Amino acid sequence: MLRRIWTMARPYTGLAVDLSVAVVAFVVSVGVLSSGGFGTPDPGMRGLDQVAVVVGALATLPLAARRFAPLTVYLLTALATGLLLYLRYPFELPLGAAIAAYEVARAYGDAGRTRRLVAMTAVAAFVPFLTFVYTLAGVHLEAIVSGLLLWVAIFVGLWIAGDRARLRRERLAGLEEQARRSLRDAERERRLAVAEERTRIARELHDSAGHAINVILVQAGAARLLQERDPAGSRQAIAAIEDVARATITEIDRLVHALREDDPAVPPPPADPGALAELLSEQRSDGLVLTSEVRGEPRPLPRGVAWAAYRILQEALTNAARHGTGTAHVTVDHKPDAVELAVRNPVPESSRTFATVPAGSSDLPAGDAPGTSGASHGIIGMRERATLLGGSFEARADHGTFWLRARLPFDGSGR
């Protein structure tokens, strides 16, 4: 929001700055004219009058439009400066022409060859133009040679400064474009990671729905065969169909937007209550120094919740082994309406800090470690699984320890 406001206000801010510069230059110029110039006043010079104020305004106030027409503003201020000198006003500080010359160098330094040459010629001709004006006004050039040489050096310096300002502006613009490109690449990477994880989830949904349909077919056949000779058994089969259909619809409602397919070579994770304990044992056998705490009574979970818990814990322990110090502590809390997972492992100082990632956030996490885009994908995938189940997910680093917490809710019926 603030960036949008600043973007909208930037043109008006630049115009206000230019207007302020023009007013300051006008006030300073009038002050120089009223004081008779620098040094001892020349008796032949004219004092401040209405003509001096009007021409002095022409020599300074056009600076308010210097960003829109820099060369035109420069020519106007230079001609007005020459007119003041021709009329024998003590205008020894052509501030307006100097500022306009700087803007010309800044604007035309990267223009085409012809436009750049025209701009350089116009700026380079300023001191010769003043010399010609002084000659027309009857001023002895021997008395002003040092001043003219000073203005030659000043205008050369102004052109160099303006050209360097242009180069700095172009470099900043390039850096901004590079930053925008990096953000676009990061967003594309995040979307790719989300798509890959949703592919995996969709395959799991396919397997879950296929299993449920097979159960429904078996129970429907049993109900048809038993409807006359065993009405009670038929009603029991119909009740089983109802339960399985309700659980399947709930699962589809949670994951219906995950329209993807997974690698068929990767088997789905087990969904029985002992799957998480088995996973912890496997990680210990792989060399991870692992402590664990199980709270509550393990029980069968809905297939989608069980798979999500298994995948999240598997990914968290894989990250702990790859990017941590080889140790981790796991807490699995079986609640009546949810299963909560917490993984804590130390990380080396070279690892990058994780961003906190609440469920439903579109922010890209900072990554597990420098250069490990795969770990970043894993965090996005874990968040995606928790979000699709209506749960929450958080990953962060705190004083050298990486924390991961996930809450996966269900209806409490075991389906």
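**Helix packing and the mixed sheet**

H3 passes H5 in a left-handed crossing, a term used where the near helix is turned anticlockwise from the far one by less than a right angle, with right-handed used for clockwise. The structure is a predicted model, in which local features need a pLDDT of at least 70 and side-chain atom pairs count only at pLDDT 80 or more, while totals for chains, interfaces and linings use all residues. Residues are numbered from 1 along each chain as its sequence is written, and side-chain values use heavy atoms, with hydrogens and water left out. Helices (H or I, at least four residues) and strands (E, at least two) are DSSP runs, numbered from the N terminus.

The axes of H3 and helix H5, which spans residues 113-124, come within 11 Å and cross at roughly 20 degrees. Axes here are lines fitted to C-alpha atoms, for helices over the stretch in contact, and angles run from 0 to 180 degrees between N-to-C directions. H3 and H5 are therefore roughly parallel to each other; angles under 35 degrees count as roughly parallel, over 145 as roughly antiparallel, 65 to 115 as roughly perpendicular and the rest as oblique. Leu71, Tyr74 and Leu75 of H3 meet Val118, Ala122 and Val123 of H5, contact meaning heavy atoms within 4.5 Å. In this contact of H3 with H5, 6 residues are nonpolar, with no polar and no charged ones. For these classes, Ala, Val, Leu, Ile, Met, Phe, Trp, Tyr, Cys and Pro count as nonpolar, Asp, Glu, Lys and Arg as charged, and the others, Gly among them, as polar.

H3 (residues 70-86) also packs with helix H4 (residues 95-108), at an angle of about 155 degrees and with the axes 8 Å apart. This pair is therefore roughly antiparallel, and H3 passes H4 in a left-handed crossing. On H3 the contact is made by Pro70, Leu71, Val73, Tyr74, Thr77, Ala78 and Thr81, and on H4 by Gly96, Ala97, Ala100, Ala101, Glu103, Val104, Ala107 and Tyr108. The residues of the contact of H3 with H4 comprise 11 nonpolar, 3 polar and 1 charged.

A further partner of H3 is helix H6 (residues 126-136), with an angle of about 25 degrees and axes 9 Å apart. H3 and H6 are therefore roughly parallel to each other, and H3 passes H6 in a right-handed crossing. The H3 side of this contact consists of Tyr74, Ala78, Leu79, Thr81, Gly82, Leu85 and Tyr86, and the H6 side of Phe126, Phe129, Leu130, Val133, Tyr134 and Leu136. The contact of H3 with H6 holds 11 nonpolar, 2 polar and no charged residues. Tyr74 of H3 takes part in the contact with H4, in that with H5 and in that with H6.

Elsewhere in the chain, 5 strands form an open sheet with mixed pairing, in the order S1-S2-S3-S5-S4. Strand S1 (289-295) and strand S4 (392-398) are the edge strands, each pairing on one side only. Two strands pair if DSSP finds at least two bridges between them. Neighbouring strands of the sheet are turned by 10 degrees against each other on average, direction ignored.

Strand S2 (residues 327-334) and strand S3 (residues 338-346) run antiparallel and are joined by 6 bridges. A hairpin of 3 residues connects S2 to S3. Val332 stands opposite Leu341 in S3, and His329 stands opposite Arg344 in S3. S3 and S5 pair in the antiparallel sense over 9 bridges; Val339 faces Leu408 in S5, and Asn345 faces Phe402 in S5. The antiparallel pairing of S4 and S5 has 7 bridges, with Glu394 opposite Arg405 in S5. S4 and S5 form a hairpin with 2 residues between them, and His399 in the turn has a positive phi of about 55 degrees.

Two helices lie across the sheet. Helix H9 (residues 275-285) lies across S1, S2 and S3, at about 165 degrees to S1. Helix H10 (residues 303-323) lies across S1, S2, S3 and strand S5 (401-409), at about 5 degrees to S3.

The mean pLDDT of the chain is 76, and 77% of the residues score at least 70; pLDDT is the predictor's confidence in each residue, from 0 to 100. Confidence is lowest in helix H8 (residues 231-255), with a mean of 71, and highest in S3, at 92. The pLDDT is below 50 over residues 257-267, a stretch with 26 contacts in the model beyond near neighbours in sequence. Residues 352-374 also have a pLDDT below 50, with 59 such contacts beyond near neighbours in sequence. Where pLDDT is low, the predicted coordinates should not be read in detail.
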